[in-house]
Amino acid sequence: MSTRAAPGGTSRVAAPTRREQILREAARLFAERGFHGVGVDEIGAAVGISGPGLYRHFAGKDAMLAELLVGISERLLEGGRARVEASAGDPDTLLAALVDGHIDFALDDRPLITLHDRELDRLRDDDRHRVRQLQRQYVELWVATVRDLHPATPESEARAAVHAVFGLLNSTPHLGSGLPGRGATEALLRRLAHGAFGALGVPGA
């Protein structure tokens, strides 16, 4: 969703564009029914336009899926890089910001987590390669931060810890109605993530 400058110089969240509405509903429907279980007409109906009208915005379902999965990978990496710049070289501040940013993703974009798990192999080779490339860069940003905090930790172990924490945070689509309220869930995920990384500094952990 885009932002705009509001009177007084502050920023506000703008209403979603038609493309954003289409992508949001496509992600929800693909996650609920599977990519092949959803027709263009259903996506159009969800946003109040005819199925053929979608083709003014996207070439087809494949294009929607590619934009969803490449787009979220790009946003995660861009957000991570912005947090690196904002942290002013403080690894504790940076790790906290990275964890909080990924928690927001895990709670707000659960359909995209499901899509990635189920439908990544449906992307064209170049789109799938792009997603993997972006993901590797995002992981390495975390690995560098973890090793700044725990310099005695081997790189391979730090990378394994990062992937384990991603698995923990990205489990939100599988929790169903078991999630507590937003604030309580954020706090729980934050404790679990930082506890996992903290264990790297505990001998024998």
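Predicted model: local features only at pLDDT ≥ 70, side-chain atom pairs only at ≥ 80, totals over all residues.
Biologist: Which residues lining the second largest pocket are the closest to its centre?

Modeller: The lining divides into 10 nonpolar, 7 polar and 1 charged residues. Helix 3 (61-86), helix 4 (91-108), helix 5 (110-119), helix 6 (125-149) and helix 7 (155-169) each supply at least two residues of that lining. Of the 18 lining residues, the closest to the centre are Leu76, Phe105, His116, Gln135 and Asn170.

Biologist: What covers the buried residues of helix 6?

Modeller: Helix 6 has 25 residues and reaches 36 Å from its first C-alpha to its last, close to the expected 36 Å. Its buried residues include Val131, Leu134, Tyr138 and Trp142. The cover over the buried residues of helix 6 includes helix 3, helix 4, helix 5, helix 7 and helix 8 (182-198).

Biologist: How many residues apart in sequence are the parts tied together by tryptophan 142 and phenylalanine 197?

Modeller: The ring centres of tryptophan 142 and phenylalanine 197 are 6.1 Å apart and the planes stand at 40°, so this pair is tilted. Tryptophan 142 lies in helix 6 and phenylalanine 197 in helix 8, so the parts that the pair ties together are separated in sequence by 55 residues.

Biologist: Which residues do ring pairs link into a cluster?

Modeller: The structure holds 5 aromatic pairs. Ring pairs join into one cluster Tyr138, Trp142, Phe166 and Phe197.

Key: Residues numbered from 1 in each chain as written. Heavy atoms only, no water. 1 Å grid on protein atoms, 1.4 Å probe; cavity = no way out; pocket = protein on both sides within 12 Å on 5 of 7 lines; lining within 4 Å. Helix = DSSP H or I, 4+ residues; strand = E, 2+ residues; numbered from the N terminus. Nonpolar A, V, L, I, M, F, W, Y, C, P; charged D, E, K, R; others polar. Expected span 1.5 Å × (residues − 1). Buried < 20%, exposed > 50% of the residue type's maximum accessible area, 1.4 Å probe, protein only. Contact = heavy atoms within 4.5 Å. Phe/Tyr/Trp six-rings, centres within 6.5 Å; stacked < 30°, edge-to-face > 60°.
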